[in-house]
Each structure stands twice: as C-alpha cells, then as structure tokens.
Amino acid sequence: MRFEGSTDYVATPDLMLAVNASITLQRPLLVKGEPGTGKTMLAETVSAALGLPLLQWHIKSTTKAQQGLYEYDAVSRLRDSQLGGEHGSRVHDISNYIVKGVLWQAFSAETPTVILIDEVDKADIEFPNDLLRELDRMEFYVYETRELIKARHRPIVFITSNNEKELPDAFLRRCFFHYIKFPDKETMQNIIDVHFPGLKKTLIREALEVFFELREIPGLKKKPSTSELLDWLKLLVAEDIPPEALRAKDQKAAIPPLHGALLKNEQDVHLFERLVFMARQNR
C-alpha cells in the first residue's frame with residue numbers, strides 16, 4: 001500500500017513520503033501543524049485513496065484511553081438485573097454490556113483500516129502513555145470476559161496534535177513524525193484550484209495578497225488558516241464581491257469585506273483597524 005496523493009487534497013511530496021514511511025515502519029503517523037492545515041482531512045484522504053474503512057476517535061479533555069479499547073456498562077447490567085424477565089436473561093452474559101471502542105473495531109475488522117486519533121493533546125498527559133502498549137503490540141486484554149483481542153490486520157494510524165500539550169518521549173519514540181508547514185502562495189493556489197475550480201485568477205490573486213498580509217501582521221492573536229481562507233473565498237463568490245473591492249488602489253491597507261471569516265476575535269479586528277487608520281494618516 002502506497003499513498004500517491006489525491007485529486008481532492010493537495011499533498012506535498014514530503015507529506016506523501018511521511019505517510020508511506022509510516023506505513024512501511026508500521027508505526028503511527030503523528031501529524032502536527034497550525035489548526036486548519038488539513039491534519040484531520042489527511043486521514044480521510046488516505047482512507048479514500050487506499051480504499052480502506054476509516055475509524056475516527058475525536059479526543060476531548062475528558063477522554064480516557066480505555067474508551068478506545070472498550071467500556072463496560074455496569075449500570076445497564078444492574079438495571080437489567082433489577083428489571084428481570086427478558087432483560088434479566090441478558091445479565092448472565094457479560095459481553096452484552098461491553099461497548100467496543102475504535103481500536104477494538106479496527107483490530108477485529110476483516111480488512112485493514114485507517115484509524116484517526118484526532119487532537120491527542122486535548123486529553124490528560126497520561127493518555128498517550130496509556131495507549132503505548134496497545135498501539136505497539138496491537139493487542140489488549142478484556143478483563144471482564146477474560147479474552148485477548150489481537151489485531152487481524154495492523155491498521156494505519158494517524159494521530160493529530162495542535163501542540164496544546166507536550167507529548168511524552170516514550171510515545172514520540174513509537175511514532176513517525178511530520179509537521180505540516182503552512183502552505184506558501186503556490187501551494188495555496190493549488191489548494192484553491194481543488195476547492196474552487198474555474199475561480200477568477202484576479203480574485204484569487206487579490207484574496208491571497210490580503211490573506212498573507214493579514215498573517216504577517218505582528219501581534220495578531222490568531223492568524224487566519226487555510227480553512228478560513230477557503231470559507232472567505234466561498235463568501236466572496238456567494239456575495240459576488242469583485243476583486244477590486246478587496247483592496248482600494250489609493251491606500252496601503254483596507255479592512256477586507258467579510259473579514260469575520262478571517263479574523264476571529266475582537267483584539268485582532270481592533271489591531272487591524274488601528275493599522276488601517278495609521279496607514280491612512282501616513283498617506
């Protein structure tokens with residue numbers, strides 16, 4: 001199995017190399033990068049390109065590693081034992097109260113799968129360490145039913161992180177790492193062409209100029225991302241905003257129309273407004 005890219009996702013050569021290295025080494029691919037650079041979509045793209053089922057596990061601050069394996073629903077078992085009758089007949093088979101997690105589903109699948117463990121850094125610091133053995137050995141033990149679950153096929157595992165927390169060294173040693181660099185103008189042009197084929201070149205050119213100038217503003221709390229640029233372009237097309245409206249010719253800076261798609265907090269909006277005011281004063 002080799003990932004050779006997709007018509008729906010612009011994968012740079014180094015990213016494709018990282019995906020294939022992960023597959024060859026049979027190690028999880030740990031993907032970092034700015035929010036909105038396509039980390040989550042990468043797993044979806046590889047799954048579709050290779051024709052493999054995708055199992056997604058989106059991590060929250062309360063997520064525990066055990067949930068990826070299985071959960072024992074003791075409350076339902078107690079309730080059924082109290083109800084009796086048809087419900088009570090289920091109580092004797094504890095497997096009726098075992099809820100399979102993403103890893104169990106992948107391990108027991110008839111074909112290889114792709115697993116996405118999304119935003120692993122949101123969980124508790126011990127979360128990655130708790131998954132080390134299972135991801136390394138591709139097996140785990142179910143204490144309630146006394147059975148060992150072994151993977152029929154080793155899944156392709158993608159783990160994304162937004163760098164909210166440092167990940168343990170032992171966990172990092174077992175991963176192949178790739179950092180998705182923020183796209184340059186040429187790559188961004190290719191991304192736009194994929195999502196908006198046939199869009200006017202003048203609109204794209206002006207939009208990219210405004211977008212990258214916004215990202216270069218010093219002191220910006222949140223730089224606009226690729227996904228936000230695509231949202232902005234979608235709005236510009238929907239509202240039929242002409243390219244010349246994105247930038248006034250007689251001034252260095254102007255607040256772009258529909259800027260709420262790019263600037264997501266009031267501090268950044270106020271900062272940009274101040275820079276516009278200063279630019280106008282200095283004309």
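This is a predicted model: local features need pLDDT of at least 70, side-chain atom pairs count only at pLDDT 80 or more; totals for chains, interfaces and linings use all residues.
Start with the largest nonpolar core. It holds 30 residues. Five of them touch the most other members: Ile 117, Phe 127, Leu 131, Phe 140 and Ile 159. H6 gives the most, with five residues.

Look next at Ile 159. Leave out residues up to four places away in sequence. Ile 159 then touches Pro 28, Leu 29, Leu 30 and Val 31, among others. Its partners also include Ile 117, Val 120 and Leu 135. Phe 171 and Cys 175 are on the list too.

There is also a second, separate core. It has 29 residues, including Ile 191, Ile 204, Leu 262 and Leu 271.

Now turn to the helices. Two packed helices are described by the angle between their axes and the distance between the axes. Take helix H9 (residues 185-195) and helix H11 (residues 226-238). Their axes come within 11 Å and cross at roughly 50 degrees. That angle makes H9 oblique to H11. The crossing of H9 and H11 is right-handed. Which residues make the contact? From H9 come Met 188, Ile 191, Ile 192 and His 195. From H11 come Thr 226, Leu 229, Leu 230 and Leu 233. Sorted by class, the contact of H9 with H11 has six nonpolar and two polar residues, and no charged ones.

H11 also packs with helix H10 (residues 201-215). Here the angle is about 135 degrees, and the axes lie 11 Å apart. H10 is therefore oblique to H11. H10 passes H11 in a right-handed crossing. On the H10 side, the contact uses Leu 203, Ala 207, Leu 208, Val 210 and Phe 211. These meet Thr 226, Leu 229, Trp 232, Leu 233, Leu 236 and Val 237 in H11. The residues of this contact divide into ten nonpolar, one polar and no charged.

Some single residues deserve a look. Ser 47 lies in helix H2 (residues 39-50). Is Ser 47 buried or exposed? Its relative accessibility is 7%, so Ser 47 counts as buried. Set aside its neighbours within four places in sequence, and Ser 47 is in contact with Leu 52, Pro 53, Leu 54 and Val 114.

Two loop residues come next. Glu 119 is found in the loop between S5 and H7. Its phi is near 60 degrees, a positive value in a residue other than glycine. Glu 119 has a relative accessible area of 21%, so it counts as partly exposed.

Asn 163 lies in the loop between S8 and helix H8 (169-173). Phi of Asn 163 is near 65 degrees, again a positive value in a residue other than glycine. Asn 163 is partly exposed, with a relative accessible area of 44%.

Key. Residues are numbered from 1 along each chain as its sequence is written. Side-chain values use heavy atoms; hydrogens and water are left out. Axes are lines fitted to C-alpha atoms, for helices over the stretch in contact, and angles run from 0 to 180 degrees between N-to-C directions. Helices (H or I, at least four residues) and strands (E, at least two) are DSSP runs, numbered from the N terminus. Angles under 35 degrees count as roughly parallel, over 145 as roughly antiparallel, 65 to 115 as roughly perpendicular and the rest as oblique. A crossing is left-handed if the near helix is turned anticlockwise from the far one by less than a right angle, and right-handed if clockwise. Contact means heavy atoms within 4.5 Å. Ala, Val, Leu, Ile, Met, Phe, Trp, Tyr, Cys and Pro count as nonpolar, Asp, Glu, Lys and Arg as charged, and the others, Gly among them, as polar. A nonpolar core is a set of buried Ala, Val, Leu, Ile, Met, Phe, Trp, Tyr and Cys residues joined through side-chain atoms within 4.5 Å. Buried means under 20% relative accessible area, exposed over 50%, partly exposed in between (1.4 Å probe, protein chains only).
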